[in-house]
Amino acid sequence: MNDQNSFKGKLGNYSFIETLDGSVTLHSDFFDENFHNLKGAYEETFFTYINGSKLSRMFEDQNLASFSLLEVGFGMGLGLYAVDKYLNDKYLNDKYLNDKFLNDRPLSQKIHFHFVSFEIDGELISWQIENDQQMKNHYSPTSLPKLSEWHKEELKIQNESFVFYKVEKEISPHLVFSGILLIGDGRKVLQPWFRQNSSWPKFHAIFQDAFSPKKNPDLWTVEWFKELYQLSAKEVILSTYSSATAIRRSMFEAKWNVLNQKAFAHKKAMTVATIDELTLGPMSEDLKLKIENTPIPAYRDQDQSEFVKARDKKMQSN
Ligand SMILES: C[S@@+](CC[C@H](N)C(=O)[O-])C[C@H]1O[C@@H](n2cnc3c(N)ncnc32)[C@H](O)[C@@H]1O
C-alpha cells in the first residue's frame, strides 16, 4: 500500500492515523482533533450512528417508502461507508433478510433512500475524489456510489455560488439511493438548499458528527438544533457521541426530547434526541432536572462570532 500520510486542505493539514479496530481516521490541524475515536473509527461510527439512530427502521418499516438521513460533517465519508457496509452485510448479501425486507415488496413500493451531508472544507472532498485508490484501501462503498461517481454542480444562494455533488443510483430492484453533498458552511447552505428542493423528505435520522463542541461550537448551538428540528420528520432520531451538558441543554432549549445512552468503548454516555416521545420514550425526569438546573449555559450563535471569524480567515488564507 503506497498511501500518503497527510495532505493539505482549506483548513490546514490532515494526517491519517490507524485506530485500534484497524480502520483509519484523520487528524485535523485546524480543529486540533481526530475525526473519530482512536479505539476504533469504524466501530465507533457503527455504534454511535448506525445503531444510535436505529437505521434498521428505515429498511424494515414497510410503511416507510421514502426516508432521509442527514450526516452533519461529511469528513472522510466514514458515515456513508458504514451505512453501505451495513446495507450489504445485513440486507443485500443475506437472502432471507433481503427477501423479507426488500424483495417481498411490490416493485411499486421501492424504497427511496435520501442522503444529505455537508462539508466546509471542499479540498478534503477533492482530495478523496482525486485519491480514489487510496480511499479504496480505506473507505470505498460497494453498493452505494463512490464519491468519484457523484456529479459536481453549482448552487446559487442569493449572490453567492456553492458547489455541491449529486448522485442517484438504483442499488437493488427495490432500493434507490439519492445523495447530495453540499460544500460550504452547513449553517449557510443546508436550509437554502432545502428551500430550493422542497420535495426532499424531512430527516428520519441525523448523524450529529461535528468536532467537539469546544472546537466546533457553531454546530452545537440552540439555533442549529432548532434548524434541525424544523427539517426533521416526526419519527427522527438524532444521535451523537457527545454527552456534554451544554449540548444537551442546547438541544433541550430547541425542544428536542433528550435521552442518555451508553457510549462506545470506554466512554460512559452519548446522546440521542427525538421529536416525538413515542419514538424512544420520554426524557427522564432526572436528566430534565439536571439540564434545567445546571449553571452551564447552552451554546448560542451570538457567542460564536470570534470562532467563525477565525475559521473563515483561515479558509481565505489557503
Ligand atoms: C468529526 S468530522 C466528521 C467525520 C465524518 N462524519 C466521517 O465519519 O468521516 C467533522 C467534519 O465537519 C466539518 N465541519 C466543521 N464545521 C463545519 C461547518 N460549519 N459546516 C460544514 N462542515 C463543517 C469538518 O471539516 C469535518 O470534516
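The chain has 12 helices and 13 strands, where helices (H or I, at least four residues) and strands (E, at least two) are DSSP runs numbered from the N terminus. Its radius of gyration is 19 Å, close to the 20 Å from the globule rule for 318 residues, so the chain is as compact as a globular protein of that length. That radius is taken over C-alpha atoms, and the globule rule is 2.2 Å times the number of residues to the power 0.38.

A word on the ground rules: this is a predicted model, so local features need pLDDT of at least 70 and side-chain atom pairs count only at pLDDT 80 or more, while totals for chains, interfaces and linings use all residues. Residues are numbered from 1 along each chain as its sequence is written.

**Overall build**

- Along the principal axes, the C-alpha atoms fill a box of roughly 55 × 50 × 45 Å.
- Buried residues account for 38% of the 318 in the chain; buried here is 20 or more other C-beta atoms within 10 Å of the residue's own, exposed is 12 or fewer, and partly exposed is in between, with C-beta atoms placed from the backbone.
- Take the contacts between residues at least 6 apart in sequence, and 68% of them join residues at least 24 apart. A contact means that two C-beta atoms, placed from the backbone, lie within 7 Å.

**Around the ligand**

- The ligand is surrounded by 23 residues, and the closest are Gly73, Gly75, Leu78, Ile120 and Gly186. To be in this shell, a residue needs its C-beta atom, placed from the backbone, within 6 Å of the molecule.
- Three elements each give at least two residues to that shell: α3 (78-92), β6 (111-119) and α7 (186-196).
- By type, the shell splits into 9 nonpolar, 7 polar and 7 charged residues. Nonpolar covers Ala, Val, Leu, Ile, Met, Phe, Trp, Tyr, Cys and Pro, charged covers Asp, Glu, Lys and Arg, and the others, Gly among them, go down as polar.

- Strands β2 (residues 12-18) and β3 (residues 24-28) run antiparallel over 5 bridges, and glutamate 18 stands opposite valine 24 in β3.

- Most residues other than glycine have a negative phi.
- Lysine 54 has a positive phi of about 55°. Its loop links α1 (41-51) and α2 (56-60), and lysine 54 counts as partly exposed because it has 17 C-beta neighbours inside 10 Å.
- Lysine 255 has a positive phi of about 80°. This lysine is in the loop between α9 (245-253) and β12 (257-262), and its 12 C-beta neighbours inside 10 Å make it exposed.
- Lysine 267 is in the loop between β12 and β13 (269-274) and is partly exposed, with 15 other C-beta atoms within 10 Å. From lysine 267 to phenylalanine 7 is 260 residues in sequence and 30 Å in space, C-alpha to C-alpha.

**Leucine 155**

- Leucine 155 belongs to strand β7 (residues 151-157) and is partly exposed, with 19 C-beta neighbours inside 10 Å.
- Leaving aside residues up to four places away in sequence, leucine 155 touches Phe162, Phe164 and Trp193.
- Glutamate 43 is 112 residues from leucine 155 along the chain, and their C-alpha atoms are separated by 35 Å.

Notes
Two strands pair if DSSP finds at least two bridges between them.
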